[in-house]
Structure formats: C-alpha cells, structure tokens
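Student: Can you walk me through this one? I'm new to it.
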Amino acid sequence: MKKLLFQLDTDTIANAFDTIAAYDGGADHVIRVPGMTPANVASIVEGTIFTRPPSSKKFTALFVTGSNIGDGQALFDAVKKHFFGKFRVSMMLDSNGANTTSAAAVACVEKHCRPAGKRAVILAGTGPVGQRAAVLLAKLGASVLVTSRQQARAAAVCAAMAQRFGVTLEAAGVADAASIAACLDGAHIVLATGAAGVQLLSEAQWAEHPTLELIMDANATPPLGIGGIEMTDRGSERHGKVCYGALGFGGLKLEVHRACVARLFETNDLLLDAPDIFEIARNAARAR
Ligand SMILES: NC(=O)c1ccc[n+]([C@@H]2O[C@H](COP(=O)([O-])OP(=O)(O)OC[C@H]3O[C@@H](n4cnc5c(N)ncnc54)[C@H](OP(=O)(O)O)[C@@H]3O)[C@@H](O)[C@H]2O)c1
C-alpha cells in the first residue's frame with residue numbers, strides 16, 4: 001500500500017521545502033494542495049478518512065503547511081473536526097517550519113541547561129518559530145519574555161499561545177538597543193527568531209552580559225540575528241557562553257522533520273503539534 005501524504009498548504013503556492021522533506025521522510029507520494037482553508041478542506045479530509053480500510057488508513061496522512069502559523073492552526077483545528085471514531089488519519093502542523101525548527105532549537109538548549117527556573121528571552125518572537133519556541137521553553141519551566149517592535153503584537157502572541165497551549169508568557173516592546181538591554185536583564189537564555197537578514201543583538205550587547213549562558217540564533221541569512229556568532233556554531237563557547245547559529249541546529253531540524261513524517265505512517269490517529277514534535281526532537285537530540 002503506497003504511503004500518501006496530502007500537503008495541505010494555506011498559501012496560494014504550496015511550499016517546496018516541505019514537499020521535499022516529506023519525500024525524504026518516507027512518503028511514497030506527496031499530493032500538494034495549495035489554497036487550503038477551513039472552508040474548503042472538507043472534501044479532501046473525507047476522501048482521506050473514508051477510502052482505505054481500517055487496517056490501511058495509516059498509509060494516508062495529512063501535513064499542514066504554509067507561511068502563516070495562525071492560518072495553519074485554524075486549518076489543523078478544522079480538519080480535526082471532520083474526524084470521528086476510527087475515521088481519521090494522522091496529521092502534522094508545521095507552518096513555516098515553526099514546530100520542527102523551534103523543537104530542534106529547544107532540544108539543543110536542553111543539551112546544555114535545564115530550562116526550568118531560567119529566564120529566556122525570545123527576540124522578535126512574534127513569528128511562527130519564535131511563538132512555538134516560547135511555548136516549549138515555558139512548558140519546560142522557564143520564565144519567557146517575547147519581544148516585538150510593537151508591544152501589542154507581542155501581547156497578542158502571548159495571549160494566543162496562552163489560549164492554545166496554556167502557557168504564561170510575558171510580552172515586551174523593544175524600540176532600540178537600550179530597551180533590548182533592559183529585556184535581557186537577568187536573562188540566562190536568548191533566542192533570536194527575527195526575520196531573515198535582520199540583526200537584533202550586537203556582540204557588544206551580549207559578550208559581557210553577567211547572566212546570559214546560552215545564545216541562539218535562528219536566522220541563517222546575513223547579517224545574522226546575533227552578532228559575534230557563526231551560523232554554524234553548534235554549542236561553541238564564545239565569551240564564556242554557549243552559542244548556536246541557525247545551521248548549528250538546522251541539521252537536527254531536518255532530522256526531526258523527516259522523523260515526524262515517518263511517524264505519521266505508523267498509526268492513523270497521531271496529531272503532531274508543538275509539544276509532540278518537541279518530544280520527537282528531544283529523542284533525536286539525545287541520540288546524537
Ligand atoms: N534554522 C532553521 O532551520 C530555520 C527554519 C525556519 C526558519 N528559520 C529562520 O528563523 C527565523 C524566524 O522565522 P519566522 O518565520 O518565525 O520569522 P518571521 O515571521 O519572518 O519574522 C519574525 C519576526 O521578526 C520581526 N521582524 C521582521 N522584520 C524586522 C526588522 N526589520 N527588524 C526587527 N524585527 C523584524 C517581526 O516581529 P515584530 O514585527 O513583531 O517586531 C516578525 O514577527 C528566520 O530568520 C528564519 O529564516 C530557520
């Protein structure tokens with residue numbers, strides 16, 4: 001029986017990265033469906049849950065992709081409402097790589113320190129990756145501050161994550177180096193999740209910082225999000241702090257992405273969102 005993965009993308013052009021990762025994760029055929037919304041997804045879901053017999057339903061799965069995590073979440077939730085009884089297939093949410101990237105990042109953090117009781121700052125944490133990383137660190141017991149150029153955007157993200165995942169996050173607006181420095185006061189972990197090619201923190205801002213222990217940057221497009229580190233840093237020590245660049249945890253992200261796709265075909269009732277994908281990342285990180 002062929003392993004069929006329906007890539008339900010919320011954008012008008014389905015993401016190629018996710019298609020490739022899906023094949024690499026073991027799908028025999030990836031059916032790319034762009035333009036998916038809660039309003040038009042019903043017929044595809046019904047096709048996937050009714051066609052194959054119970055013993056073979058696990059060979060059909062769904063993968064929600066696209067650039068907007070809010071749209072992805074809404075689609076993921078809408079699809080779930082069409083499932084009932086044994087009429088369901090496994091599904092994964094990874095809009096903009098948010099879950100696999102944040103899971104890999106936080107699994108790397110865990111290799112160096114226990115987040116419980118630590119203060120973590122997610123710089124420009126309003127994007128898909130930052131939101132999910134904030135959730136994962138908070139679930140591990142860190143107190144987490146999410147920054148944005150607009151306080152209201154950070155507050156909206158914190159409220160949305162509280163509603164979806166039951167976590168408490170703090171929000172801060174940052175306008176300049178001084179306000180970023182104030183956010184880092186007492187911080188142990190800083191994770192930059194800003195847009196590609198935007199520097200958020202200079203080397204001078206973190207090199208002599210008295211409490212920071214771990215510096216991590218998700219941006220692989222120069223200039224990097226954090227100055228003074230290399231995108232290939234993978235637990236490198238700089239100025240007495242553990243440093244990770246985007247490529248330093250990017251390999252784990254890809255491994256996790258492929259592992260998640262493989263898991264979809266093991267049963268027909270798996271629903272992979274941030275916490276579940278983090279468990280897969282954690283196991284992959286420990287096995288390295
Ligand atoms: N390593 C990997 O495997 C991997 C995988 C996927 C993505 N990534 C990278 O991870 C990072 C985060 O991805 P994402 O999709 O979550 O990011 P994103 O949505 O593109 O951007 C995140 C936030 O950056 C802020 N921002 C945008 N332009 C800015 C500017 N000029 N100055 C300061 N802040 C700015 C915005 O926050 P406010 O408007 O709220 O300030 C935005 O919400 C990106 O650099 C991406 O390339 C890495």
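Tutor: What follows is a short tour, and the model is a predicted one.

Student: What domains is the protein divided into?
Tutor: Domain 1 covers 4-97 + 252-287, and domain 2 covers 100-249.

Student: What distance separates their centres?
Tutor: The centres of domain 1 and domain 2 are separated by 27 Å, taken over C-alpha atoms.

Student: And how many residues are in contact across the two?
Tutor: On the domain 1 side there are 17, in contact with 19 residues of domain 2. Elements giving two or more residues to that side of domain 1 are α9 and α10 (274-287). α10 gives the most, with 7 residues. By class, the side of domain 1 that touches domain 2 has 10 nonpolar, 4 polar and 3 charged residues.

Student: New topic, the ligand. How many residues surround it, and which are the closest?
Tutor: The ligand is surrounded by 24 residues. The closest are G127, S148, A195, A218 and N219.

Student: Which helices supply at least two residues of that shell?
Tutor: α5 (128-139) and α9 each do.

Student: What classes are in the shell around the ligand?
Tutor: There are 12 polar, 9 nonpolar and 3 charged residues.

Student: Where does the ligand shell lie relative to the domains?
Tutor: Domain 1 and domain 2 both give residues to the shell around the ligand, so it lies between them.

Student: OK, on to the core. Which residues touch the most other members of the largest nonpolar core?
Tutor: That core has 91 residues. A103, A105, A134, V144, V146, V190 and A281 touch the most other members. Helix α4 (residues 98-112) gives the most to this core, with 8 residues.

Student: Where does this core lie?
Tutor: Domain 1 and domain 2 both give residues to this core, so it lies between them. As background, nonpolar side chains in soluble globular proteins tend to be buried together.

Student: Take A134. What is it in contact with?
Tutor: Leaving aside neighbours within four places in sequence, A134 is in contact with I122, G125, V144, V146, M161 and L169. Two of those, V144 and V146, are also on the list of core residues that touch the most other members.

Student: What about L191, buried or exposed?
Tutor: L191 counts as buried, because it has 28 C-beta neighbours inside 10 Å. The cut-off for buried is 20 or more. L191 is found in strand β8 (residues 189-192).

Student: What does L191 touch?
Tutor: Not counting residues up to four places away in sequence, L191 touches A105, A120, I122, A133 and M216. L191 and I226 are 35 residues apart in sequence, and 9.0 Å apart in space, C-alpha to C-alpha.

Student: And F50, buried or exposed?
Tutor: F50 counts as exposed, because it has 9 C-beta neighbours inside 10 Å. The cut-off for exposed is 12 or fewer. F50 is found in helix α2 (residues 42-50). F50 and K86 are 36 residues apart in sequence, and 9.8 Å apart in space, C-alpha to C-alpha.

Student: Last one, helix α1. Which of its residues are buried?
Tutor: In α1 (residues 16-24), the buried residues are D18, A21 and A22. They cover an arc of only 105 degrees around the axis, which puts them on the same side of α1.

Student: What do they pack against?
Tutor: The buried residues of α1 pack against β1 (4-9), β2 (29-33), β3 (60-65) and α9 (246-264).

Student: What comes just after α1?
Tutor: G26 does, with a positive phi of about 115 degrees.

Terms used
Residues are numbered from 1 along each chain as its sequence is written. This is a predicted model: local features need pLDDT of at least 70, side-chain atom pairs count only at pLDDT 80 or more; totals for chains, interfaces and linings use all residues. Helices (H or I, at least four residues) and strands (E, at least two) are DSSP runs, numbered from the N terminus. The arc is that of the directions from the helix axis to the C-beta atoms. Two residues are in contact if their C-beta atoms, placed from the backbone, lie within 7 Å. A residue is near a molecule or strand if its C-beta atom, placed from the backbone, lies within 6 Å of it. Ala, Val, Leu, Ile, Met, Phe, Trp, Tyr, Cys and Pro count as nonpolar, Asp, Glu, Lys and Arg as charged, and the others, Gly among them, as polar. Domain bounds come from an automatic or database domain assignment. A nonpolar core is a set of buried Ala, Val, Leu, Ile, Met, Phe, Trp, Tyr and Cys residues joined through C-beta atoms within 7 Å.
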